[in-house]
Amino acid sequence: MICIMHMVCIMQMRCIMSIIAIGNSKGGSGKTTTAVCLATAFAAKGLSVALLDADPDGRAGSWFSRWAAATEYQGTLARDTKSGLLLSAHCHRGITLVPAVNEDNLQDLADEAAAQNQMVLIDLQGSANQSMLLAFGMADLVVIPVQSSAFDLEGMVKAVKSVRSVGRTARRQIPHWVLLCRTATIPQGTRVDKFVRGEVEKLGLPVFGSELHLRTAFQRMTLDGLPPDKLADKGAWQDVEDLAREVALILQGKHPRHSAAGEVAHG
Ligand SMILES: Nc1ncnc2c1ncn2[C@@H]1O[C@H](COP(=O)(O)OP(=O)(O)O)[C@@H](O)[C@H]1O
Ligand SMILES: [Mg+2]
């Protein structure tokens with residue numbers, strides 16, 4: 001039943017163009033992992049996806065290069081000799097990787113990507129910079145990944161303040177949801193997982209029911225570029241499926257907790 005609903009949800013998404021910004025001013029919180037997992041999950045369901053790499057370190061681009069090498073990409077990936085960053089956009093298996101996105105070109109590149117794709121994902125740098133504000137301003141949904149660590153809560157609060165401030169300027173509510181990452185797979189999680197979840201809930205923030213648990217399949221993706229496999233990495237694959245399903249529901253205004261996302265207390 002859930003599977004059929006998921007399919008219907010994704011099919012409906014083909015008719016809507018959506019921009020999703022993935023941000024948290026804290027580095028290492030799981031932004032690129034989230035962006036890549038969503039990109040591959042939606043592309044596997046037949047959606048055309050643009051992945052905008054707005055981190056000067058180009059981690060989304062490095063992932064794309066590894067994934068392309070592992071999955072018979074026929075083109076040539078030209079790189080800057082000094083930085084090693086990709087020089088131009090490349091498309092492979094439904095995903096267009098757009099490199100070198102910065103505060104000067106972000107809005108143009110996002111508009112261009114939105115005109116040509118059903119989904120645009122913006123992978124941001126771990127800092128509260130101008131690119132982050134511009135991406136939040138254009139987003140239909142902001143995903144804020146938070147690593148299961150008390151240290152990461154501060155970055156989350158900063159990102160939430162930024163989304164709300166941008167939304168206030170634009171006079172619209174920008175849906176923003178917190179995604180817990182690197183949580184333990186044991187039921188209820190560890191003491192730290194419970195603490196982090198509790199703090200997020202105390203702030204009245206909408207939290208994804210799904211989590212990207214601490215799993216080797218997500219770490220391995222940095223090495224071979226391959227997203228979690230349905231059979232070999234069942235748990236990680238399911239985490240990503242659940243997340244993609246929730247994202248699709250939010251974008252269509254059908255998530256059971258959706259109204260809460262627009263009406264959270266302004267702390
Ligand atoms: N759920 C997870 N399980 C295991 N490792 C993870 C998970 N999420 C992220 N990582 C690892 O943590 C590191 C930082 O994640 P990354 O997505 O690059 O963070 P960010 O983009 O926010 O800096 C990477 O090495 C990544 O493989
Ligand atoms: Mg990153």
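Author: A residue counts as buried if 20 or more other C-beta atoms lie within 10 Å of its own, as exposed if 12 or fewer do, and as partly exposed in between. The model discussed here is predicted.

Reader: How does that apply to A100: is A100 buried, exposed or partly exposed?

Author: A100 has 19 C-beta neighbours inside 10 Å, so it counts as partly exposed. Its place is in the loop between β4 and α4. The backbone of A100 has a positive phi of about 50°, although A100 is not a glycine.

Reader: Where is T190, and how many other C-beta atoms lie within 10 Å of it?

Author: T190 is found in the loop between β7 and α7 (191–202). It has 13 other C-beta atoms within 10 Å and is therefore partly exposed. Separation in sequence and separation in space can be read side by side for a pair of residues. T190 and D123 are 67 residues apart in sequence, and their C-alpha atoms are 28 Å apart in space.

Reader: What are the corresponding values for R59 and D239?

Author: R59 and D239 are 180 residues apart along the chain, and 21 Å separates their C-alpha atoms. R59 lies in helix α3 (residues 59–70). With 18 other C-beta atoms within 10 Å, R59 is partly exposed.

Reader: Which strands does β2 pair with, and over how many bridges?

Author: Strand β2 is joined to β4 (residues 95–98) by four bridges, and the two run parallel. In that pair, L51 stands opposite L97 of β4. β2 also pairs with β5 (residues 119–124) in the parallel sense, over six bridges. There A54 has L124 in β5 as its bridge partner.

Reader: Are the residues of β2 buried or exposed?

Author: β2 (residues 49–54) is mostly covered, with six of its six residues buried.

Reader: Why is β6 described as largely enclosed?

Author: Six of the seven residues of β6 are buried, so β6 is largely enclosed by the rest of the structure. Three bridges join β1 (residues 18–22) to β6 (residues 141–147), and these strands run parallel. I20 stands opposite L141 in β6, while A21 has V142 as its bridge partner there. β6 also pairs with β7 in the parallel sense, over six bridges.

Reader: What describes two packed helices?

Author: Two packed helices are described by the angle between their axes and the distance between the axes. In this model, the axes of α4 (residues 106–116) and α5 (residues 130–138) come within 10 Å and cross at roughly 35°. The crossing of α4 and α5 is right-handed.

Reader: Which residues meet where α4 and α5 touch?

Author: From α4 there are L106, Q107 and A110, which meet S131, L134, A135 and M138 of α5. By class, this contact has five nonpolar, two polar and no charged residues.

Reader: Last, the ligand. How many residues surround ligand 1, and which are the closest?

Author: A ligand's shell can be read by residue, by element and by class. Ligand 1 is surrounded by 18 residues, and the closest are K31, T32, T33, L212 and F218. The elements that give two or more residues to this shell are α2 (31–44), β7 (176–183), β8 (212–213) and α8 (216–224). By class, the shell around ligand 1 has four nonpolar, ten polar and four charged residues.

Technical notes:
Residues are numbered from 1 along each chain as its sequence is written. Chains are lettered from A and ligands numbered from 1 in the order in which they are written. This is a predicted model: local features need pLDDT of at least 70, side-chain atom pairs count only at pLDDT 80 or more; totals for chains, interfaces and linings use all residues. A residue is near a molecule or strand if its C-beta atom, placed from the backbone, lies within 6 Å of it. Ala, Val, Leu, Ile, Met, Phe, Trp, Tyr, Cys and Pro count as nonpolar, Asp, Glu, Lys and Arg as charged, and the others, Gly among them, as polar. Two strands pair if DSSP finds at least two bridges between them. Axes are lines fitted to C-alpha atoms, for helices over the stretch in contact, and angles run from 0 to 180 degrees between N-to-C directions. A crossing is left-handed if the near helix is turned anticlockwise from the far one by less than a right angle, and right-handed if clockwise. Two residues are in contact if their C-beta atoms, placed from the backbone, lie within 7 Å.
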